Amino acid sequence: MGAAHGHRLHHHGHSAVHRAPAHLKILVLVGFVLLVVATPREWYAVFAAYAAVVVGTVLVARVPLGWVLRRMVVEVPFLVFAALVPFVAEGPRTEVLGLTVSEPGLVAAWGLAVKGTIGVMASLTLAATTEPTDVLVGLRRLRMPPLLVEIMSFMLRYLDVVTADLGRTLTAMRSRGCEPRSPRHWPVLARSLGALFIRSYERGERVHLAMLSRGYTGTLPTTTGGHEHR
Amino acid sequence: MHVPDGFLDAPTSVATGVVAAAAVGVALRRARTELDDRTAPMAGLVAAFVFAAQMINFPVGAGTSGHLMGGALAAVLVGPWTGLLCVSVVLVVQALFMADGGITALGTNVVLIGVVTALVGYVVFRALQAVLPHRLGTVAPTAAVAAFVSVPVAAAVFSLLFAIGGTAPVDAGKVLTAMLGWHVLIGIGEAVVTGLVVGAVVAVRPDLVRGARPLVAARELEIRTVAA
């Protein structure tokens, strides 16, 4: 979904959460969310405890809660879906606010909403407290294949360049009375995307040649230090 | 839409994670044959392109919006393995940095949006190419059909996963019908945009389109003389 892409999710700070090694944070995040997903949805008190852990982490990180909440809009389409589940699910019916809904569906909707929300909030906490370069170092430490980490690092490095390129094209289209989102103007949009692909691909070739001229042999030199600065 | 945390139960999420890791592992080795030592910068830039293309939201109705998945598009443009890698990297970045798609559902999302759409799209593309006349003009429509097929297939695979490890008591048949109906519509949008984008690239740089490369190589140099 389109909201708040880019590096804008990072919230600069120097808290203990910010300073913790990235690979630890990723491991904790994955373990924690797996635990949340595996917890039976009828254990209501346990979910309150999970939520308290996430909110507590956000507070310790000194990231404003409102800042995190605003960025949780990525979750909205999914919450709409969760709200539909009681109406389409099977099982005995029950009355809520004058509407007839499925009882197990209601419980399932609660499970979907609470697990999804805690997951999104936990992931946002990682994004808010960890620089992209640190995440890459963390992933490398977690034995993610080096080539995959390299691809990711190139993508992150040129993400703003490519998206800004597209942004300028869209602005130019709009200034000429063209609405890129409308299917009527898809042919124009598609030509712009085609041009963007060619530009991105050729940029990749130029980057590769520039790397070769600087002694690239097929793998990037690995940084030895635990902490990488930009 | 990306699958969030808690949609599928933990065992299913872990299992799809293993499948996704295996597929990405194979793709890493195969992408080297598609791009040799250019893999990292090229795949990185194409991933950034896929990400940018996904940023454009189309209103689907009822206040929701959808966007390009790009699996089939990437597979036709840069080859199935590199395409799979690019879309997977996009999904990892979205899960880690944008909380878009659950972190435990990452494997599921890579399997559905990365592996299934890229591989199904490419297989359909190649199969159609084998029976259609070998002309550059057929590349874009073929890519469109490939994109159209890839989306409902991904939806069907999702329905299968939901039947195995879904966490809501919704009838599996109902899920399949709803998902297929919805994704046939999304597939039409995906097909139109994919076909137009591939057509635009084929028109100016056919040599960059992996799916058109055999046709470009087979072209003979034509020398025409202009009457003075």
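I'm working on a predicted model.

**Entry: salt bridges**

I started with Asp207(B) and Arg205(B), whose side chains meet in a salt bridge at 3.0 Å, N to O. I checked the cover on both ends. Asp207(B) is partly exposed at 34% relative accessibility, and Arg205(B) is partly exposed as well, with a relative accessible area of 23%.

How many salt bridges does the structure hold over all chains? I get six.

Within chain A I noted Arg174(A) with Glu179(A), at 3.7 Å from N to O. Arg174(A) comes out at 43% relative accessibility, so I put it down as partly exposed. Glu179(A) is partly exposed too, with a relative accessible area of 33%.

Then I went to Glu222(B) and Arg224(B), where the closest N and O atoms of the salt bridge are 2.8 Å apart. Are these two buried or exposed? Glu222(B) is exposed at 56% relative accessible area, and Arg224(B) is exposed at 67%. I also logged a network on chain A: Asp165(A), Arg168(A) and Arg199(A) are joined by salt bridges that share partners.

**Entry: where chain A meets chain B**

I looked up the interface next. Chain B puts 68 residues into the contact and chain A puts in 76. Between them the two chains bury about 6600 Å², and 80% of that is on carbon and sulfur atoms.

I then listed which elements of chain B give two or more residues to the side touching chain A; among them are helix 1 (10-35), helix 3 (71-78), helix 7 (172-204) and strand 1 (57-61). Helix 2 of chain B gives the most, with 15 residues.

**Entry: nonpolar patch on chain A**

I found a nonpolar surface patch made of Val73(A), Val76(A), Val80(A), Leu84(A), Phe87(A), Val88(A) and Leu99(A). Together they have about 580 Å² of accessible area.

Which element supplies the largest share of the patch? I traced it to helix 5 (residues 76-88) of chain A, with five residues. Val73(A) sits in the loop between helix 4 (65-70) and helix 5 of chain A. At 43% relative accessibility I count Val73(A) as partly exposed, because it falls between the 20% and 50% cut-offs.

I picked Thr142(B), in helix 6 (residues 139-165) of chain B. Its relative accessible area is 2%, so I call it buried. Leaving out residues up to four places away in sequence, I see Thr142(B) touching Phe125(B), Leu128(B), Gln129(B) and Leu132(B). A polar atom of its side chain lies 2.3 Å from the backbone oxygen of Thr138(B). I also took the C-alpha separation from Thr142(B) to Gly211(B), 69 residues apart along the chain, and got 9.8 Å.

Last, Ser192(A), in helix 9 (residues 186-213) of chain A. It is buried, with a relative accessible area of 13%. With the residues up to four places away in sequence left out, Ser192(A) touches Thr169(A) and Met173(A).

Technical notes. Residues numbered from 1 in each chain as written. Chains lettered and ligands numbered in written order. Predicted model: local features only at pLDDT ≥ 70, side-chain atom pairs only at ≥ 80, totals over all residues. Heavy atoms only, no water. Patch = residues over 30% accessible without salt bridge, like charges linked within 9 Å, V, L, I, M, F, W, Y side chains within 5 Å. Areas by Shrake-Rupley, 256 points an atom, 1.4 Å probe, with all protein chains shown as cover. Salt bridge = Lys/Arg side-chain N within 4 Å of Asp/Glu carboxyl O. Helix = DSSP H or I, 4+ residues; strand = E, 2+ residues; numbered from the N terminus. Buried < 20%, exposed > 50% of the residue type's maximum accessible area, 1.4 Å probe, protein only. Contact = heavy atoms within 4.5 Å. Buried area = accessible area lost by both parts, 1.4 Å probe. Polar contact = N/O pair within 3.5 Å; in protein donor to acceptor, adjacent residues only side chain to side chain.
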